[in-house]
Amino acid sequence: MKLREVGLNWDEFGKQDPLWAILTDPRYRGNRWDPDKFFETGRNQVQALMAEVDRLGVSIPRGRALDFGCGVGRLTQALCEHFDQCCGVDIAPSMLAQAERFNKFGSRCRYVHNEAGNLRLFPDNSFDFVFSLIVLQHVEAENAKEYIREFIRVLAPGGLVVFQTPSHPLSGDAGGRALPESAFRAEISTATHSLTVEVGSVQRLSVRVRNASTECWPGAENPSLFPIHLGNHWLGNDGVTVRVDDGRTQFRNDIHPGDEVELTLTVAAPRTPGAYLLELDMVQEGVAWFKDKGSQSCLVPVTVTAASSGCHHVVPVMEMHGIPKAETLRTIHEAGGKVLQAVEDNAATGWVSYRYFVAKPPTQAQDAAKPQEITLSPDSCAQSDAQSRGAKGSSRVPTAEQVIIEALNLHATAINVALMRIIALEERLKQARG
Ligand SMILES: C[S@@+](CC[C@H](N)C(=O)[O-])C[C@H]1O[C@@H](n2cnc3c(N)ncnc32)[C@H](O)[C@@H]1O
């Protein structure tokens with residue numbers, strides 16, 4: 001989903017049910033979260049985080065903190081208890097309006113709207129602490145990686161970035177709970193051959209699905225498998241996916257090879273007018289869409305028109321995305337960050353998710369002034385992390401040659417900086433003499 005659509009959807013969540021959209025506990029759907037309890041979850045999380053930072057032996061200056069994807073300020077407000085100035089940034093104006101309403105810290109807490117795919121509104125090195133929880137998972141990996149680079153750019157040397165992002169669906173670790181490859185064969189059809197609908201409007205489609213495989217698809221009552229659903233994507237007219245996740249329909253009873261069922265799927269049209277393809281497919285959640293395993297999906301051309309009146313009901317959607325851990329570590333390393341630890345958390349249901357603690361090493365000038373440390377590559381961080389937690393996996397340790405080259409590079413940088421200082425001093429002496 002493009003960032004513009006992400007913003008429109010979150011803005012709709014902010015208008016309809018903001019606290020539930022942030023913490024999706026089914027008990028509190030329909031604006032039933034008690035705000036005090038909701039904000040208490042933020043205070044608890046930030047307190048636990050600060051204890052973890054102390055445990056790591058990191059001392060962060062308590063000046064300025066940034067909360068990226070702040071929503072209604074659940075974590076920003078809690079950060080205000082630990083930092084002098086806090087800034088919450090969000091893509092959804094409706095979320096920010098709520099955040100202002102809940103702000104208890106006056107001008108020490110500032111909320112800012114940003115719909116760009118970067119943080120150029122902030123200069124380099126402008127925060128001592130950057131925090132982001134349950135946000136990057138809702139944007140596509142390329143966008144998320146750019147935000148990660150930006151977190152490191154806006155962080156002051158000596159500060160800390162802590163962010164969470166999922167790595168891969170749980171199924172990767174689920175072994176036998178995924179369907180066998182031969183089960184991913186479906187025949188899907190609908191009597192709706194084309195549609196013209198208004199932006200954001202909700203449509204109910206009748207869809208016929210036949211199990212064209214040699215395996216049984218377990219119904220919703222079989223708890224031993226990742227659930228199997230009928231679902232849909234939205235593609236642009238050029239066939240490029242513009243929204244991965246939308247409607248879902250489950251079936252109660254097992255569907256045996258050759259069986260055919262009629263299911264109703266509720267879909268929500270994109271928020272931008274244009275020509276689209278509605279792609280109907282089966283999915284085993286957290287495992288794969290059937291199309292990606294070679295099955296045929298069903299395409300319905302859809303014309304999405306501007307709203308004739310503003311009063312139809314819009315159903316917002318929340319997409320989930322991950323960045324494989326190795327790729328996140330590489331992104332951090334290339335942006336000049338140093339991973340202190342990457343710990344598994346349970347922040348994203350159905351996904352293996354990590355919380356990354358990232359420091360920004362001192363600048364070259366600061367570096368030159370103190371003895372050099374050897375910075376290890378992200379691969380080695382992954383290795384030590386996996387070893388310390390007894391996890392499986394096969395990350396590489398850097399070779400002795402790589403470590404020596406890295407050390408030599410650091411010393412070469414230090415020598416260059418020292419030489420530049422000597423040249424600058426000579427210039428100043430020359431000017432003073434004459
Ligand atoms: C699940 S909520 C989390 C809110 C907050 N981090 C918390 O834990 O309470 C996700 C928030 O991220 C915001 N968001 C999504 N994409 C964003 C983006 N590209 N830039 C800024 N905010 C974004 C949404 O508007 C929403 O408020």
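This is a predicted model: local features need pLDDT of at least 70, side-chain atom pairs count only at pLDDT 80 or more; totals for chains, interfaces and linings use all residues.
Two strands are taken to pair if DSSP finds at least two bridges between them.

Strand 5, residues 155-169, and strand 17, residues 351-359, run antiparallel and are joined by nine bridges, so they meet the requirement of at least two bridges for a pair. Within this pairing, Gln164 stands opposite Arg355 of strand 17. Both strands belong to an open sheet of seven strands, whose order is 3-2-1-4-5-17-16 and whose pairing is mixed. At the edges of this sheet sit strand 3 (109-113) and strand 16 (338-345), each of which pairs on one side only. On average, neighbouring strands of the sheet are turned by 20° against each other, direction ignored.

A helix accompanies this part of the sheet. Helix 7, made up of residues 325-334, lies across strand 5, strand 16 and strand 17. Its direction is at about 15° to that of strand 17.

Turning to the other sheet, three strands in the order 6-8-12 form an open arrangement with antiparallel pairing. Here the edge strands are strand 6 (186-190) and strand 12 (260-268), and each pairs on one side only. From one strand to the next, the twist averages 35°. Strand 6 is connected to strand 8, residues 202-211, by five bridges, and the two run antiparallel. A handy place to look for this pairing in the structure is Ser189, which stands opposite Arg208 in strand 8.

Conventions
Residues are numbered from 1 along each chain as its sequence is written. Helices (H or I, at least four residues) and strands (E, at least two) are DSSP runs, numbered from the N terminus. Axes are lines fitted to C-alpha atoms, for helices over the stretch in contact, and angles run from 0 to 180 degrees between N-to-C directions. Two residues are in contact if their C-beta atoms, placed from the backbone, lie within 7 Å.
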